[in-house]
Amino acid sequence: MRSDYSWIYPSHTDQTGDRAEPIAYRRLYHGIRAAILDGRLHPGERLPASRDLARTLGISRNTVVTSFDLLTSEGYLETRVGAGSFVASTLPDRDMAATHQTSDQGNASKTNERPLRLSQSVARMLEYQRRFPRFRVARPFNPATPDLDGFPFDLWARLLRRAWRSPDIDLTIPDDPLGLSQLRHEIAKWLRQSRGVNCDADQVMIVSGAQQALDLIARALVDPGDVIATEDPGYEGIRGVLAASGADVQAIPVDHEGLCVDLLSNTSSPARIVVTTPSRNYPLGTTLSLARRLAMLQWADANDAWIVEDDYDSEYRYDGPPLSSLQGLDTQNRVIYVGTFSRVMFPGIRLGYLVLPKALIPAFRGMRGFADGVPAPTAQAALAAFFADGHFGSHVRKMRLRYGERRTHLQNLIADRASGALSIMPSDGGLHFCTKLIAGHDDMVLQEKMVTAGLDCRALSSYFHDKSAQNRPNLPQGLVLGFAGWNKNALTQSFGELITIMERTS
């Protein structure tokens with residue numbers, strides 16, 4: 001038996017380098033447990049008597065006894081009557097030379113660890129990791145940031161409290177995988193009135209956002225190797241979710257009339273799904289023409305395919321009334337409609353919805369039970385009241401006016417101060433618009449410099465599917481400028497910084 005066990009009682013840090021547990025018996029517990037797990041104490045090895053160990057370490061015997069009792073209850077130690085405490089003989093022996101590293105060697109052993117095995121699903125998804133910077137607080141000109149100062153958070157807090165004053169069983173024991181009935185009724189009514197969606201409440205499924213909606217759709221309708229067509233350019237997060245299913249994600253170009261429907265026949269095999277943003281391509285802002293909408297519906301019916309209509313920010317259209325949905329034109333039940341509240345309200349609400357063709361409802365209801373059950377019902381109840389009391393429509397109208405003014409202000413700044421460097425691309429709504437670079441800048445170089453300066457300005461070329469070095473000269477060079485989240489003074493100041501960076505880069 002060893003004579004000195006002072007190393008087993010860390011005085012400042014435990015074996016992982018974290019701050020030590022302030023309670024003495026926990027510090028001793030962590031020290032002995034770490035020594036057992038890394039092989040410094042072997043199965044069957046006898047520990048000193050509690051009185052002797054307490055004297056060696058300069059702590060009370062009660063501290064040692066409490067630590068031994070805890071280690072014994074968890075299976076690290078075993079006691080033998082009349083003999084003392086031993087490392088449990090049922091634990092596997094460890095090779096000290098292979099597993100224990102002295103403190104001066106640090107983490108060198110990590111270089112010998114076996115490679116981490118990830119699923120093919122995750123590996124495919126991670127190929128599409130976001131390439132944009134992440135600022136803790138949204139910075140100009142992030143294209144997805146709404147005006148959080150304009151949202152009535154005091155009212156929202158009252159609605160949350162109201163939901164819990166006398167909660168019914170749907171709130172305390174939710175059991176419908178489609179979501180809270182009251183909210184689904186309100187969403188269906190809003191979509192019928194504002195977007196021309198042909199649906200009832202039974203077709204609405206509440207989800208935690210558009211990403212989850214796409215994940216559920218891929219699980220339900222796609223097998224590995226199936227082709228999914230997406231827009232090019234488009235939101236890369238869509239491709240990542242869909243690629244995880246094992247699908248072959250193929251990009252279809254977008255022109256001034258939206259997705260080139262005739263090119264759907266050029267995929268390696270007939271697409272199982274096409275994901276489209278007919279009201280406003282992201283990021284270009286292009287609207288899918290009526291002729292192409294009808295052609296896409298005919299294509300889906302002829303190929304037994306599905307259309308996923310992502311209607312991510314249709315509430316904010318400044319030049320004319322909101323466009324009717326593609327789903328509202330569908331007579332063959334081939335369109336799955338996806339919406340979210342992240343932009344019209346605030347990102348942290350984490351609520352969105354699917355509008356399903358009736359034939360798909362049983363499959364999605366059953367599948368949802370194995371996914372995450374039911375989304376958090378409290379926020380659903382508050383949102384249902386937000387709709388029912390008229391606050392949602394009022395908020396949309398107020399913010400549409402405010403955003404329209406900010407959009408015009410930023411466009412005027414470009415016209416007055418940067419008309420020789422930036423050309424505004426046509427767009428009739430949303431929280432951002434695109435500009436083309438006139439002076440031959442590389443938009444990725446500009447993005448890097450602007451991020452360094454604290455501006456979340458996105459390179460237009462980064463939204464295209466093929467971003468390989470050999471293809472970069474063929475990609476449109478431009479900037480994606482969000483305007484919704486900042487007042488006119490902030491936009492003016494930030495735009496001045498943008499122009500300064502462009503001048504220094506030329």
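1. Let's start with the sheet: strands β4 (residues 227-232) and β5 (residues 248-255) run parallel and share six bridges. Strands here are DSSP E runs of at least two residues, helices are H or I runs of at least four, and both are numbered from the N terminus; two strands pair if DSSP finds at least two bridges between them. D232 has P253 as its bridge partner in β5. Between β4 and β5 the chain passes through helix α10 (residues 236-243), making a right-handed β-α-β crossover (clockwise from the first strand over the helix to the second, with the strands pointing away from the viewer).

2. Before going on, a caveat: this is a predicted model, with local features needing pLDDT of at least 70 and side-chain atom pairs counting only at pLDDT 80 or more, while totals for chains, interfaces and linings use all residues. Residues are numbered from 1 along each chain as its sequence is written, and side-chain values use heavy atoms, leaving out hydrogens and water.

3. β4 also pairs with strand β7 (residues 273-276), in parallel and through two bridges. There, I228 is bridged to I273 of β7.

4. The C-alpha atoms of V227 and P270 are 6.8 Å apart, though 43 residues separate the two along the chain.

5. Now the cores, each a set of buried Ala, Val, Leu, Ile, Met, Phe, Trp, Tyr and Cys residues joined through side-chain atoms within 4.5 Å. The largest has 63 residues, and W156, F341, M345, L383, F495 and L498 touch the most other members. Not counting residues up to four places away in sequence, M345 touches P146, L148, F151, W156, L383, F386, F392 and H395. A separate core of 30 residues includes V222, V241, V249 and V275.

6. Last, helix α2 (residues 50-57), where S50, L53, A54 and L57 are the buried residues. They line one face of the helix, because they fall within an arc of 100° seen down its axis (taken from the directions from the helix axis to the C-beta atoms). R51 and R55 are exposed on the other side of α2. The cover over its buried residues includes α1 (24-37) and α3 (61-73). Just after α2, G58 has a positive phi of about 70°.

Technical notes:
Buried < 20%, exposed > 50% of the residue type's maximum accessible area, 1.4 Å probe, protein only. Contact = heavy atoms within 4.5 Å.
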